[in-house]
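Subject: Structure for you to look at

Hello,

I am handing over the structure below, with notes on what was found in it. Please read the notes with the structure open.

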Amino acid sequence: MTQTSAAPTYLFVFRHPEDMPELTPEQMQQSYQKWADWIQSMRAQGQYLAGEPLEENPARLLRGARGAQNTDGPFAEAKEVIGGFMRITARDFAHAVEIARACPGLGTYTSVEVRQAKPLPGV
Amino acid sequence: MPSAPPAAVGTDAVAQTVDHLFRREAGRLVATLTRHFGVAHLHLAEDVVQDALVRAMQIWPYTGVPEHPSAWLLQTAKNRALDHLRRARLWRDRQATLVPLVEDGLHGALAVPPPRFEDEIRDSQLCMMFVCCHPGLAPEAQVALTLKTLGGFGEPEIAAAFLCTEAAIAKRLVRARQYLREHRVGFELPAAAQLAPRVAVVRQVLYLLFNEGYKASQGDALLRADLCADAIRLAGLLAAHPAGRQPATLALLALMHFNTARLPARVDDTGSLLLLAEQDRTRWDRREIEHGLDCLAPSAEGAEVSRYHLEAGIAACHCLAPSYAATDWRRILELYDQLVALDRSPVAALNRAVAVARVHGPRAGLRALDETAGTAALEQYHLRHAVAGQLWLDAGEPVRAAGCFRQALELAALPAEREFLARRLAEADGP
């Protein structure tokens, strides 16, 4: 399916506190199942494009010319770490936010930042 | 190891992950890793498994559950174990010894050809059972360690099952691991000469574990059903191996299946306890009864009559009776006569008194109750008074019955039991 101008895509950035309580295997399974159901529902509706969880380490923050200043994660000034991201399509930003609201992590420790990516040039 | 295939995208039905998959895999993996790290490093094995499951929890939503979860987790464990060792402060000072252990051990674990992979996991779990049920550990430590390592239960869950604090469970586990380390307990089947008594200990632990789950309506109902299911699973593992397949093991399995069969009918829809006489027998799980019968026949081989044989026989009588009225109480009484000779507990005597009443009438049952050895201990047991109350009701003495039910109510702690007793008391007090 070709588009004359691609619809905007949206990014979900997931963050959680650095120190999270340890889950039991049963609790982990429940968490896994909720996330899997959410992603599956986005796939089924053609909204899900891509996504990945991120390793907590190694992590490095570069600043300055050629990244001369750099710090290894976790980063002192950030109270949270980025756990992963997803790229989705939606009707508009409000719709993207609505989809994000269903993120199962929101009930516990996860925060979801919703951003709009610039639309790609028409194909 | 082959990489995990992605989940079928766009399918409408997301396959519900197999119940307790994470917990089961935790048990399998801890056993496998302990085989390779050694019992002295049990805690490292548990930490590494926890890490691998966290990875699964984060990654599988995107990829789907892999076709061979155990293989995926073991590969992940290998990748993570060394990283874990380098970073975890607890292990830093022992890195020199642990790192090669992990590298060689996990290399070995992953090098096993696929057909042997499952066999090795089963064997590892069996060895793990003997480790957890080491006779040097106290029974509550044996049970806790079994639940943690083989059952994949977390400390909060074990605490909930035993109605004690997480801190108490944590301490119990730490001490148990310390004991295993100090006494250099190996990861192996006991020597032939010690096998019989060691297997008997394992049976006892599994029996305790099952009963913990079977106790009526304490705490989380689902958790308790999980304890019963795990006890059966582990007993099955024991019975499947030549080292553990004695008639007494099969009798224990039969008993567990028969009792499990009746679980669905024990509480009504409002959560109230139902007497055996009141239970809807159509709700009994016929498949579990079949499983019980499958174990009962081979358990009769040989001369040994263990308590499990007797209890299984009694449970079979109940499960096979089409109704309470049609129950073979004479047979049950015969079995209880043998059981009280083996097991001098007041509880066995109490149950026997009920059987006496069914065969010889309520007043005979009340006499049997009075003759019970260790009556003093029974006086504090609410069920003793509840049984006496019911027998007085059956004997046409509601006033004496009411007195007993009041005594029972004073002693009963659980809401479901108090509610049950209150109903009985109302019945005794009459309109």
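**Loops in chain B**

B:Leu163 sits in the loop that runs between α8 (155–162) and α9 (166–182) of chain B; helices here are DSSP runs of H or I with at least four residues, strands are runs of E with at least two, and both are numbered from the N terminus. The model is a predicted one, in which local features need pLDDT of at least 70 and side-chain atom pairs count only at pLDDT 80 or more, while totals for chains, interfaces and linings use all residues. Residues are numbered from 1 along each chain as its sequence is written, chains are lettered from A and ligands numbered from 1 in the order in which they are written, and side-chain values use heavy atoms, with hydrogens and water left out.

Most residues other than glycine have a negative phi. B:Leu163 is not a glycine, yet its phi is positive, at about 55°. B:Leu163 is exposed, its relative accessible area being 56% (buried means under 20% relative accessible area, exposed over 50%, partly exposed in between, with a 1.4 Å probe and protein chains only). B:Arg184, in the loop between α9 and α10 of chain B, also is not a glycine and has a positive phi, of about 50°. B:Arg184 counts as exposed, with 73% relative accessibility.

**A buried leucine**

B:Leu391 belongs to helix α19 of chain B. Is B:Leu391 buried or exposed? B:Leu391 is buried, because its relative accessible area is 3%. Leaving out residues up to four places away in sequence, B:Leu391 touches B:Ala357, B:Pro362, B:Gly365, B:Leu366 and B:Leu369; contact means heavy atoms within 4.5 Å. Between B:Leu391 and B:Leu44 there are 56 Å in space, C-alpha to C-alpha, and the two are 347 residues apart in sequence.

**Pocket and cavities**

Rolling a probe the size of a water molecule over the atoms shows where empty space is left. The search uses a 1 Å grid over the protein atoms alone: a cavity is a set of points where a 1.4 Å probe fits but cannot get out, a pocket is an open set with protein on both sides within 12 Å along at least five of seven lines, and lining residues have an atom within 4 Å of a point. Grid points are joined across faces, edges and corners, and a volume is the space filled by probe spheres set on the points.

The second largest pocket holds about 1800 Å³ of space. Its lining has 47 residues, and those nearest its centre are B:Tyr214, B:Val347, B:Asn351, B:Tyr381 and B:Leu383. Several helices of chain B each supply at least two residues of this lining, among them α10 (192–214), α19 (382–394) and α21 (415–429). Helix α16(B) gives the most, seven residues. By class, the lining of this pocket has 29 nonpolar, nine polar and nine charged residues (Ala, Val, Leu, Ile, Met, Phe, Trp, Tyr, Cys and Pro count as nonpolar, Asp, Glu, Lys and Arg as charged, and the others, Gly among them, as polar).

How many cavities of 30 Å³ or more does the structure hold? There are two. The largest cavity has about 70 Å³ of space, and its lining includes B:Thr32, B:His36, B:Leu74 and B:Phe117. Helix α6(B) gives the most to that lining, with four residues. The second largest cavity has about 30 Å³, and B:Thr32, B:Leu74 and B:Phe117 are among the residues that line it. Here the largest share, four residues, comes from α1(B).

**Chain A**

Chain A has two helices and six strands, in the order β-α-β-β-β-β-α-β along the sequence. Strand β1 (residues 9–17) of chain A pairs in the antiparallel sense with strand β5 (residues 80–89) of chain A over nine bridges; two strands pair if DSSP finds at least two bridges between them. In this pairing A:Thr9 stands opposite A:Thr89. β1(A) also pairs in the antiparallel sense with strand β6 (residues 111–116) of chain A, over six bridges, and there A:Tyr10 stands opposite A:Gln116.

Of the 123 residues in chain A, 32% are buried. The mean pLDDT of chain A is 87, on a scale of the predictor's confidence in each residue from 0 to 100.

Regards
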